[in-house]
Amino acid sequence: MIKAKKKSLKTRSIVEVCSEPMMIIDESGVVTDLNAASIKIHSKTRKKLTGYLFVNLFTKPNVAKKIYSQIKRNVKVSNTPLTLVNTRNGLQQVLISGTSFKNTSSEKSEVIILITKIDEKKNNTSGLDIDKNEISAYKMALNESSIVAITNSKGIIEYANANFC
């Protein structure tokens, strides 16, 4: 039980380190976790968004469902345009990227989604604002087949995924 809770906290910290909105979606299409950046673009709280049907966050739920279905079938989706509804500023044009992964604590497949505001993508051309922790989070979140290790400031590995060994 303690080990599962520790792993859950590790997942939570990885999700939170990402500066772009990130959501974890379960097999039935329900939001099970999200980061603070996701909360900022919606007019809903974390509590209200958790348990919300992912496809209903967009103006075209049928298109969002197709994207989700592709990701669920292990087809990596990158920079697919959609319009997010019910945001603090009204409708928001976004790009959706995602991949599926196996939740090791529940043994169920889940989908991780990154939402990029299109206006931010156009304005941030340098890419130099991304820090080491954010890069590590992206690697972990979007490419489960990669070998990933996260180290502390002393260079000691604190986390390594199953592909590391």
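Which residue in β2 does Met 23 stand opposite? In this predicted model, the residue of β2 opposite Met 23 is Leu 34. Strand β2 covers residues 31-34 and pairs with β1 in the antiparallel sense, the two being joined over 3 bridges. The hairpin formed by β1 and β2 has 5 residues between the strands, and within this hairpin Gly 29 adopts a positive phi near 90°.

Strand β1 also pairs with β5, which spans residues 108-117. These two strands run antiparallel and are joined by 4 bridges. Here Met 23 stands opposite Ile 113 of β5.

Helix α4 consists of 12 residues, 61-72. The distance from its first C-alpha to its last is 16 Å, close to the 16 Å expected at 1.5 Å a residue. Ala 64, Ile 67, Tyr 68 and Ile 71 of α4 are buried. Viewed down the axis of α4, the buried residues fall within an arc of 100°, and therefore line one face of the helix. Lys 65 and Lys 66 are exposed and lie on the face of α4 turned away from its buried side. After α4 comes Asn 74, which has a positive phi near 70°.

Notes:
Residues numbered from 1 in each chain as written. Predicted model: local features only at pLDDT ≥ 70, side-chain atom pairs only at ≥ 80, totals over all residues. Heavy atoms only, no water. Pairing = 2+ DSSP bridges. Expected span 1.5 Å × (residues − 1). Buried < 20%, exposed > 50% of the residue type's maximum accessible area, 1.4 Å probe, protein only. Arc of directions from axis to C-beta.
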